[in-house]
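Dear colleague,

Please find the sequence and the model below.

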Amino acid sequence: MELATLATRLDDLLHLARPVIGIAFREAAPAGVPRIESPGPAGCAYWRLAAEGRAFYTEASDHYGCTLGAHTHNVDLPPEKAQELQSIIGTMSGLEYIGMEEAATLPRRRVPFGVAIYAPLAEAPCDPDVVLVRGNARQIMLVAEAARALGIEHEQALMGRPACAMIPAAIDAARGATSLACIGNRVYTGLADDELYFAIPGPSLASFVSRLETIVQANLALEGFHQDRNTAAGP
(Lines give C-alpha, C1' and ligand atoms only; values in the text may rest on other atoms or scores of the structure.)
Protein backbone atom coordinates (compact mmCIF):
# COMPACT_ATOMS: atom_id res chain seq x y z
CA MET A 1 0.00 0.00 0.00
CA GLU A 2 1.26 3.49 -0.82
CA LEU A 3 2.69 5.59 1.98
CA ALA A 4 0.26 8.43 1.25
CA THR A 5 -2.68 6.09 1.76
CA LEU A 6 -1.25 4.76 5.01
CA ALA A 7 -0.65 8.30 6.24
CA THR A 8 -4.26 9.23 5.47
CA ARG A 9 -5.57 6.15 7.26
CA LEU A 10 -3.48 6.92 10.34
CA ASP A 11 -4.76 10.48 10.43
CA ASP A 12 -8.38 9.39 9.96
CA LEU A 13 -8.11 6.81 12.73
CA LEU A 14 -6.27 8.93 15.27
CA HIS A 15 -7.32 12.51 14.37
CA LEU A 16 -3.78 13.73 14.90
CA ALA A 17 -2.95 17.41 15.29
CA ARG A 18 0.32 16.95 13.37
CA PRO A 19 1.23 14.71 10.45
CA VAL A 20 2.98 11.42 11.06
CA ILE A 21 6.58 11.58 9.81
CA GLY A 22 8.93 9.02 8.31
CA ILE A 23 12.65 8.78 8.93
CA ALA A 24 14.97 6.71 6.77
CA PHE A 25 18.70 6.07 7.01
CA ARG A 26 20.60 5.48 3.80
CA GLU A 27 24.16 5.62 2.47
CA ALA A 28 23.17 8.49 0.18
CA ALA A 29 20.10 10.68 -0.32
CA PRO A 30 17.50 9.84 -3.00
CA ALA A 31 17.66 11.97 -6.13
CA GLY A 32 15.78 15.23 -5.89
CA VAL A 33 15.74 15.44 -2.08
CA PRO A 34 17.47 18.61 -0.83
CA ARG A 35 19.84 18.78 2.09
CA ILE A 36 18.74 20.82 5.09
CA GLU A 37 19.89 24.41 4.61
CA SER A 38 21.49 24.81 8.03
CA PRO A 39 22.17 22.49 10.96
CA GLY A 40 19.57 22.35 13.71
CA PRO A 41 20.28 22.49 17.45
CA ALA A 42 19.46 18.78 17.73
CA GLY A 43 18.45 15.88 15.52
CA CYS A 44 14.94 15.91 16.93
CA ALA A 45 14.50 19.48 15.69
CA TYR A 46 14.26 17.93 12.22
CA TRP A 47 11.14 16.05 13.34
CA ARG A 48 9.35 19.36 13.72
CA LEU A 49 10.41 20.53 10.26
CA ALA A 50 9.18 17.29 8.70
CA ALA A 51 5.86 17.58 10.52
CA GLU A 52 5.55 21.08 9.06
CA GLY A 53 5.60 19.56 5.58
CA ARG A 54 9.26 19.60 4.58
CA ALA A 55 11.15 16.70 2.99
CA PHE A 56 14.96 16.83 3.24
CA TYR A 57 18.05 14.93 4.27
CA THR A 58 20.84 15.53 6.75
CA GLU A 59 24.49 14.59 6.80
CA ALA A 60 26.58 13.66 9.81
CA SER A 61 27.72 17.21 10.52
CA ASP A 62 24.10 18.35 10.68
CA HIS A 63 23.80 16.34 13.91
CA TYR A 64 26.75 17.80 15.77
CA GLY A 65 24.47 20.26 17.59
CA CYS A 66 23.36 17.51 19.99
CA THR A 67 26.21 15.07 20.49
CA LEU A 68 24.10 12.75 22.63
CA GLY A 69 21.56 12.47 19.83
CA ALA A 70 24.38 12.01 17.34
CA HIS A 71 25.61 9.12 19.48
CA THR A 72 22.21 7.36 19.36
CA HIS A 73 22.27 7.69 15.55
CA ASN A 74 25.81 6.30 15.29
CA VAL A 75 27.20 9.52 13.86
CA ASP A 76 31.00 9.48 13.71
CA LEU A 77 32.04 12.46 15.83
CA PRO A 78 35.28 14.41 15.31
CA PRO A 79 37.59 14.50 18.37
CA GLU A 80 36.35 17.83 19.70
CA LYS A 81 32.72 16.72 19.45
CA ALA A 82 33.49 13.36 21.05
CA GLN A 83 35.03 15.26 23.95
CA GLU A 84 31.94 17.47 24.11
CA LEU A 85 29.75 14.35 24.35
CA GLN A 86 31.71 13.11 27.34
CA SER A 87 31.46 16.55 28.93
CA ILE A 88 27.70 16.66 28.45
CA ILE A 89 27.28 13.18 29.92
CA GLY A 90 29.43 14.26 32.86
CA THR A 91 27.28 17.34 33.39
CA MET A 92 24.06 15.31 33.24
CA SER A 93 25.52 12.81 35.66
CA GLY A 94 26.55 15.61 38.02
CA LEU A 95 22.97 16.89 37.97
CA GLU A 96 21.81 13.33 38.74
CA TYR A 97 19.80 13.46 35.52
CA ILE A 98 21.43 10.38 34.06
CA GLY A 99 23.88 7.85 35.44
CA MET A 100 27.17 7.09 33.70
CA GLU A 101 26.19 3.42 33.47
CA GLU A 102 22.85 4.39 31.88
CA ALA A 103 24.59 6.53 29.27
CA ALA A 104 26.77 3.58 28.30
CA THR A 105 23.72 1.41 27.54
CA LEU A 106 21.64 3.87 25.51
CA PRO A 107 20.11 2.37 22.34
CA ARG A 108 22.28 3.15 19.32
CA ARG A 109 21.95 2.42 15.62
CA ARG A 110 24.21 -0.43 14.60
CA VAL A 111 24.88 0.80 11.07
CA PRO A 112 27.27 3.75 10.57
CA PHE A 113 25.52 6.99 9.70
CA GLY A 114 25.35 8.00 6.04
CA VAL A 115 22.39 10.34 5.65
CA ALA A 116 18.99 10.63 7.32
CA ILE A 117 15.90 11.45 5.28
CA TYR A 118 12.99 13.22 6.98
CA ALA A 119 9.55 13.86 5.51
CA PRO A 120 5.84 13.79 6.23
CA LEU A 121 4.91 10.14 5.77
CA ALA A 122 2.56 11.02 2.93
CA GLU A 123 5.44 12.59 0.98
CA ALA A 124 8.31 10.32 1.97
CA PRO A 125 10.70 9.81 -0.96
CA CYS A 126 11.65 6.30 0.20
CA ASP A 127 10.39 3.62 2.55
CA PRO A 128 10.91 4.79 6.15
CA ASP A 129 12.90 2.81 8.68
CA VAL A 130 10.77 4.28 11.43
CA VAL A 131 7.51 6.21 11.55
CA LEU A 132 6.90 8.68 14.38
CA VAL A 133 3.44 9.35 15.75
CA ARG A 134 3.06 12.39 18.01
CA GLY A 135 -0.12 12.50 20.02
CA ASN A 136 -1.93 12.78 23.30
CA ALA A 137 -2.32 9.98 25.84
CA ARG A 138 -5.50 8.57 24.28
CA GLN A 139 -4.01 8.51 20.78
CA ILE A 140 -0.81 6.84 21.96
CA MET A 141 -2.89 4.39 23.99
CA LEU A 142 -4.50 3.25 20.74
CA VAL A 143 -1.25 2.83 18.83
CA ALA A 144 0.38 1.04 21.77
CA GLU A 145 -2.57 -1.36 21.94
CA ALA A 146 -2.29 -1.96 18.18
CA ALA A 147 1.42 -2.75 18.54
CA ARG A 148 0.69 -5.21 21.31
CA ALA A 149 -2.08 -6.87 19.31
CA LEU A 150 0.28 -7.18 16.36
CA GLY A 151 3.01 -8.68 18.55
CA ILE A 152 5.49 -5.84 18.04
CA GLU A 153 5.23 -4.21 21.45
CA HIS A 154 8.67 -3.26 22.73
CA GLU A 155 9.94 -5.08 25.82
CA GLN A 156 10.48 -1.67 27.44
CA ALA A 157 6.96 -0.38 27.98
CA LEU A 158 7.98 3.28 28.22
CA MET A 159 11.14 5.00 27.11
CA GLY A 160 12.38 8.33 28.40
CA ARG A 161 15.50 10.39 27.88
CA PRO A 162 16.75 10.99 25.31
CA ALA A 163 13.75 10.95 22.99
CA CYS A 164 15.90 10.11 19.95
CA ALA A 165 16.87 6.77 21.54
CA MET A 166 13.47 5.37 20.57
CA ILE A 167 14.53 5.47 16.92
CA PRO A 168 17.34 2.87 17.16
CA ALA A 169 15.28 0.96 19.73
CA ALA A 170 12.39 0.58 17.28
CA ILE A 171 14.61 -0.15 14.28
CA ASP A 172 16.96 -2.67 15.86
CA ALA A 173 14.27 -4.59 17.76
CA ALA A 174 11.70 -4.28 14.94
CA ARG A 175 9.21 -3.35 17.66
CA GLY A 176 7.15 -0.28 18.42
CA ALA A 177 8.34 2.02 21.19
CA THR A 178 6.48 4.54 23.34
CA SER A 179 8.53 7.53 24.44
CA LEU A 180 7.81 10.17 27.07
CA ALA A 181 10.39 12.32 25.23
CA CYS A 182 12.93 14.44 27.11
CA ILE A 183 13.16 18.09 28.06
CA GLY A 184 15.44 18.91 25.13
CA ASN A 185 13.03 17.35 22.67
CA ARG A 186 10.11 19.23 24.18
CA VAL A 187 12.01 22.49 23.70
CA TYR A 188 13.17 21.79 20.14
CA THR A 189 9.89 20.35 18.86
CA GLY A 190 7.37 22.31 20.89
CA LEU A 191 5.97 19.07 22.29
CA ALA A 192 3.09 19.92 24.61
CA ASP A 193 2.95 18.74 28.21
CA ASP A 194 0.19 16.26 27.35
CA GLU A 195 1.91 14.83 24.24
CA LEU A 196 4.23 11.87 23.77
CA TYR A 197 5.53 9.70 20.92
CA PHE A 198 5.21 6.26 19.44
CA ALA A 199 7.79 4.89 17.00
CA ILE A 200 6.56 2.30 14.50
CA PRO A 201 9.17 0.16 12.71
CA GLY A 202 8.77 0.99 9.03
CA PRO A 203 8.56 -2.58 7.67
CA SER A 204 5.55 -3.24 9.95
CA LEU A 205 3.65 -0.10 8.96
CA ALA A 206 0.99 -1.62 6.67
CA SER A 207 0.11 -4.45 9.05
CA PHE A 208 0.19 -2.00 11.95
CA VAL A 209 -2.35 0.32 10.32
CA SER A 210 -4.61 -2.63 9.60
CA ARG A 211 -4.46 -3.75 13.21
CA LEU A 212 -4.99 -0.19 14.42
CA GLU A 213 -8.31 -0.07 12.55
CA THR A 214 -9.48 -3.07 14.56
CA ILE A 215 -8.27 -1.58 17.84
CA VAL A 216 -9.97 1.77 17.21
CA GLN A 217 -13.29 0.09 16.43
CA ALA A 218 -12.97 -2.13 19.49
CA ASN A 219 -12.32 0.87 21.71
CA LEU A 220 -15.36 2.69 20.34
CA ALA A 221 -17.56 -0.31 21.09
CA LEU A 222 -16.08 -0.77 24.56
CA GLU A 223 -16.40 2.93 25.32
CA GLY A 224 -20.13 2.73 24.67
CA PHE A 225 -20.38 -0.38 26.83
CA HIS A 226 -18.57 1.25 29.74
CA GLN A 227 -20.56 4.48 29.42
CA ASP A 228 -23.83 2.55 29.60
CA ARG A 229 -22.55 0.58 32.57
CA ASN A 230 -21.39 3.73 34.32
CA THR A 231 -24.76 5.41 33.74
CA ALA A 232 -26.63 2.37 35.06
CA ALA A 233 -24.50 2.36 38.19
CA GLY A 234 -25.66 5.87 39.04
CA PRO A 235 -23.82 8.49 41.11
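The notes that follow describe the sheet and then a pair of packed helices.

Please bear in mind throughout that this is a predicted model.

The sheet is open and consists of 6 strands, paired antiparallel in the order 2-3-1-4-6-5. Its edges are taken by strand 2 (56-59) and strand 5 (177-179); each has a single partner strand, so one side of each is left without a neighbour in the sheet. On average, neighbouring strands are turned by 25° against each other, direction ignored.

Within this sheet, strand 1 (residues 21-26) and strand 4 (residues 130-136) run antiparallel and are joined by 3 bridges. Isoleucine 21 has leucine 132 of strand 4 opposite it.

Turning to the helices, helix 1 (residues 3-14) packs with helix 9 (residues 205-233) at an angle of about 25°, and their axes are 10 Å apart. Since angles under 35 degrees count as roughly parallel, helix 1 is roughly parallel to helix 9. The crossing of helix 1 with helix 9 is left-handed.

On the side of helix 1, the residues in contact are Leu3, Leu6, Arg9, Leu10, Leu13 and Leu14. Their counterparts in helix 9 include Leu205, Phe208, Val209, Glu213 and Val216. The residues of this contact comprise 11 nonpolar, 1 polar and 2 charged.

With kind regards

Conventions:
Residues are numbered from 1 along each chain as its sequence is written. This is a predicted model: local features need pLDDT of at least 70, side-chain atom pairs count only at pLDDT 80 or more; totals for chains, interfaces and linings use all residues. Side-chain values use heavy atoms; hydrogens and water are left out. Axes are lines fitted to C-alpha atoms, for helices over the stretch in contact, and angles run from 0 to 180 degrees between N-to-C directions. Helices (H or I, at least four residues) and strands (E, at least two) are DSSP runs, numbered from the N terminus. Angles under 35 degrees count as roughly parallel, over 145 as roughly antiparallel, 65 to 115 as roughly perpendicular and the rest as oblique. A crossing is left-handed if the near helix is turned anticlockwise from the far one by less than a right angle, and right-handed if clockwise. Contact means heavy atoms within 4.5 Å. Ala, Val, Leu, Ile, Met, Phe, Trp, Tyr, Cys and Pro count as nonpolar, Asp, Glu, Lys and Arg as charged, and the others, Gly among them, as polar. Two strands pair if DSSP finds at least two bridges between them.
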